[in-house]
Structure formats: structure tokens, C-alpha cells
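Here are some notes for someone opening this model for the first time. Please read them with the structure in view.

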Amino acid sequence: MNLDETLHELCQAAVPAFADVAFVHLYAPLPVGDETAAPHGVLRLHTTDRAPPRKAATGGTGPLPPAADTVQAAEAVRPAATGPLAKLLRAGQPVFGDRPGIRSVVAELLGVANDPAAVPPGRRLILAPLHGRSHAMGSVVLIRGPDRADFTADDLIVASQLATHTALGIHKAVLYAHEASVADTLQRTMLPPSLPKPAGVLLASRYLPSSRTAQVGGDWYDAIPLPGNRVALVIGDVMGHSMTSAAIMGQLRTIVQTLAGLDLPPDEILHHLDEQAERLGSEHTATCLYAMYDPVLHRLLVANAGHLPPVLLHPDGSTEVLLVPPGAPIGVGEGEFQSFEMPAPTGATLLLYTDGLVESRDSDVLTGVDRLRARLRAATSGSAPPALDELCDQALGTLGAGGRDDDIALLAVRFEGILPETVAYWYLAPRPQTARQARRLTRRTLHGWGLDSLAESTELMVSEVVANAVRFASRPITLRLLRTDVLRCEVGDDSSLVPRMRHAQLNDEGGRGLFLVDRLAQRWGATRVSTGKVVWFEQPLPVSSHTASVTSINDGSDRRSAIDPVV
């Protein structure tokens, strides 16, 4: 199934037992499939093999041929579509070098088109086309030195057999490489092209396909931003190695992304994923681990569906396997999952991985996890914590160099957290005065943060979004301001009706609020959550504020932690 190995076997069989020199030219690019159109490419020298030089002992006829080790081949040949070389390759029959009209063709392959006399004379050369099932793939030139007898008619049959078997091997190798390329492309396009950059967390990932060509697997990872500056962390593995496994992986990943948008707890995410997997009607099962990190609360909420436990690397270099009790794998149908909450220390790194990282033919899972922890400890032996990309490379170890039995997906998450003094959070009663109260709270907060230049635009947008929430809310509204690399505002209510921007007519009394938000904000959006919806917008910070110190807000009357109206 390997092109280079196929041609190596040809040369081993032919040289020196059958010939002293072998030159193999292949079309570039090689044709794929069963299309009947003749290739119009370039013949490039792919393989050369020579027998060790021997003493001359003539046994042939005609003038003495040149020494075999002096004959060279052209690196590239551009045969005309209707020329004699292209016709000969399409015919697919081997010929002797002394056949009428062949000398110029051979001279073209040997790079001596201007000096046909340099071609070995008599029957000391055979040109055998490499012809696939429906098209020419290249040629092999076999040459005997002056110390051997000429080729015979029986030798022509042998050369034909060698060329036929080689061409079939090349055909299979090309198809197999094409399938591997398609499978690998399919797998990679189903993985996230890049990771998001949410505030309070750093992310890095690695994906390595199996070294068994075309044995694509179903490993995947994902990082999904959620309302409230949280982020969902996902790692999964569909059982088996096939195109079907990769396709099912793509379906499950899409389902997880859709469910994550509903802001459900991890156990409910896995429960609904299990239900949807049953509806797919596939016999494939999958493992999946779903975690939610809150950088404000510094907490991690995790649920597991038969997946390997994550490893937590503490800032001091110690490692810990998070023993989250695994539920049944996805697709089994039991659907008994539980969410477990745990602290997420600032500076710690969480590693989510698939079994290809810790399991192999000569190592079980427990041994592999111990080796992974040892590599992580070694990576943090320095004075400063390593960068996430460097840590991923250290976690892979020698597995990154090849020889993998299974796919590897790795997601590294470093918890940075968000300082409490950069967050302001209130519950507001849904009443007519709420928009005015929201403006006042926003103004005080931005003044305390040294962002007075953003006060006017932020107050206007907060007022519009809060006023819209008051119209539909039946329970207290949440208002949240967050200062990171941007100024972010979030307004949540218990109505699932998501607002849509529309252009109001001249006589309309409403419909302009989101239009203003769209014009004033750098980014904005509306997301349904399990308790209703969240409307958010972001603004870039002034340049001077990036170096300004953050002033903590200590006014207890403005920052509420209970569901009370602000008076």
C-alpha cells in the first residue's frame, strides 16, 4: 500500500538478478481512480537502482555497450500527448531497445535525446510501460551491462510481468493514499479550525491521526464560549476507525455545540446527546467528557460519559487525576450522568485527552496515565510554568514522532480566572424605573474603573437592552458588567424570546434599540439559556485604560448578591 515500498520491491526483484540498472519514471501527478483520460503530466524520475560493477566478460552481440554505471536517466520528461513515447506508454507492452523507432523514445527517457548513440545498443535494454487498470502511470527502463548476455524473448515476458505487478501495486498505493488524504481531510475539517480566546482562560490543542494510513478515527475536542464568560470544554472519542466513525463524530460534535448553546448543565448535555445518538441509529458508541469553567467563580463543573479522567496540573508542578465517576458511554442508552463541581485554581492546567495518548500495544491505560503525569511534572520543573503549546508537546512525548496505534486528541486549558473587582453584578426588578437604575449603576461602575469615556455610550446601550428585558421579564433581571480586555455587558431575563434587529419605520415608536446597540458596540449577540436569554454587547477599552490600575468597587448598595430590586 506504499508507493516507495512498491518501487523498492521492483528494484530488488530486477537488480541484479535480471538487470544491472533500473530507472523508474512516474507521471506527476499520478492519475487516481478509473478515469480513462490519458494523463498529460510530466514524467519524473522516481527511483534508480544499480548493480555493483563487475569485470567485463562479453557474451552479447553487436558493438560493446557503455558500462552500466555510466548510463543516466532524465530527471523530467515532458512527452507530447500524441508523441511516440506517450503512445508507447498507453499501449502498455514492453519492447526491446533495438525495435525500430524506439531508440529516440529511450533517448528521451535517458536524457540523451540529442545523442541517440548513447543509448545501449542491441537487446541490452527493455522499456516496459507501467500501465494501470485504465491509464498509463509511468515506465521502467531495464539495462544490462557489457558483461552479460542480451535480453531474450523470455526476458521480455519477465519484464512484462514485473511491470504489470508493479503497476497494480502503484495503482493500489495511489488509491490508498488518496483515501487517506480524504479521510484525514474529513477528520480535520470536523475539528475546530481554531480555538476561541475567552477571557480568563488560555487554550491549546493537538490532534494527531493514527500512523495507520487511512484508518481515520472519531476523536474530537471543542471549546465553546458560553454566556457569563464561561467556556465549555469537550473531549470525545467515537469507537472504531473508519469513515463512518469520522462522520458520526461530526454529527455528535454538532449536537454538542447546539446543546451547549442552550446553556444546560453538563449532565443534561450528555443525557440529550445520548438520546440523539440513539436516534442516529448507529451501532457505534462514543465516550465524551463535558466540562464548564467559570472564570469569575473559579469553579469547574464536569460530567463524564465513559471517558478517561482528565489530569490537573497544579502551579507547583504536582499532578492530580480528577476522578469524575464515569457514566455509560454515549449510545448505550442508559443516560445516567451526574455533574460534579470542583475548584479550578488560578494557574492550574487541565488536560483533556483521548485514549491514544495513554494506551498502546505495550502499555495499558493506568501505566500510560502515570507516564503522562511524569512528562507533565518534568515539563514544569523549571522556574516558570511552560507555555501551553510547549506543554502539549511535552505531553505527547515521543508519540508525536509517529508509530501511533490510535488517533490522539488533546485539549489543554490553563485557568487564569477573572478578578472579582473587575466584575459588577446586580439583580433588578422588572419595573418601569429599572432602566434608569441600570444607567445609574453603570455610570458609577465605569467611573470606579476609570472608564468615564465609555459611560455615555454604555449607559445608552444598557438602557435600551434593559428596557427591552423589562417588557418581557416576569422575574428579576440580571445586569452584569465585566472589564477584561474589553468592556462587556450582559442583561439576562427569564423570557426565551430572543430580540432581532429590525429597521423601524418613521412612524414606529419602537424597534430602534438594537439598531443603536449594533452601531455603538464592537460586538453584540443574544443567546438562549436554560433560564431564558442573555443579551450582551462589548466595547473596546480606551488605550490609556490598559495600563491603568483597576479600582475595586466597594459600594455595597450598588453590588447585590440577592434577588432584590435596587432602590
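**Notes on the model**

1. Where pLDDT is low, the predicted coordinates should not be read in detail.

2. The rest of the confidence picture is as follows. The average pLDDT of the protein is 83, and 86% of the residues score at least 70. Helix 3 (residues 103-109) has the lowest confidence, with a mean of 84, while strand 15 (residues 349-353) has the highest, at 95.

3. Next, the largest pocket. Its volume is about 1,000 Å³. The lining is made of 34 residues, and those closest to the centre of the pocket are Arg230, Asp263, Tyr425, Tyr427 and Arg480. By class, the lining comprises 17 nonpolar, five polar and 12 charged residues.

4. Which strand gives the largest share of the lining of the largest pocket? Strand 19 does, with four residues. At least two residues of the lining come from each of strand 10 (286-294), strand 11 (299-305), strand 17 (423-428), strand 18 (477-483), strand 19 (486-493) and strand 21 (532-540).

5. Besides being among the residues closest to the centre of the largest pocket, Asp263 has a positive phi of about 60°, although it is not a glycine. Asp263 is placed in the loop between helix 5 (243-260) and helix 6 (266-279).

6. One runs from Val15 to Pro16, with omega near 0°; Pro16 is in the loop between helix 1 (3-14) and strand 1 (21-28). Another runs from Ala28 to Pro29, again with omega near 0°, and Pro29 is in the loop between strand 1 and strand 2 (42-50).

7. Last, a helix pair. Helix 10 (residues 455-472) packs against helix 11 (residues 513-520) at an angle of about 145°, and the axes are 9 Å apart. The crossing of helix 10 past helix 11 is left-handed. Helix 10 makes the contact through Ser457, Leu460, Met461, Glu464 and Val465, and helix 11 through Gly513, Leu516, Val517 and Leu520. Six residues of this contact are nonpolar, two are polar and one is charged.

Note on methods:
Residues numbered from 1 in each chain as written. Predicted model: local features only at pLDDT ≥ 70, side-chain atom pairs only at ≥ 80, totals over all residues. Heavy atoms only, no water. Axes fitted to C-alpha atoms, helices over the stretch in contact; angles between N-to-C directions. Left-handed = near helix turned anticlockwise from the far one by under 90°. Contact = heavy atoms within 4.5 Å. Nonpolar A, V, L, I, M, F, W, Y, C, P; charged D, E, K, R; others polar. 1 Å grid on protein atoms, 1.4 Å probe; cavity = no way out; pocket = protein on both sides within 12 Å on 5 of 7 lines; lining within 4 Å. Points joined across faces, edges and corners; volume = space filled by probe spheres on them. pLDDT = per-residue confidence, 0-100.
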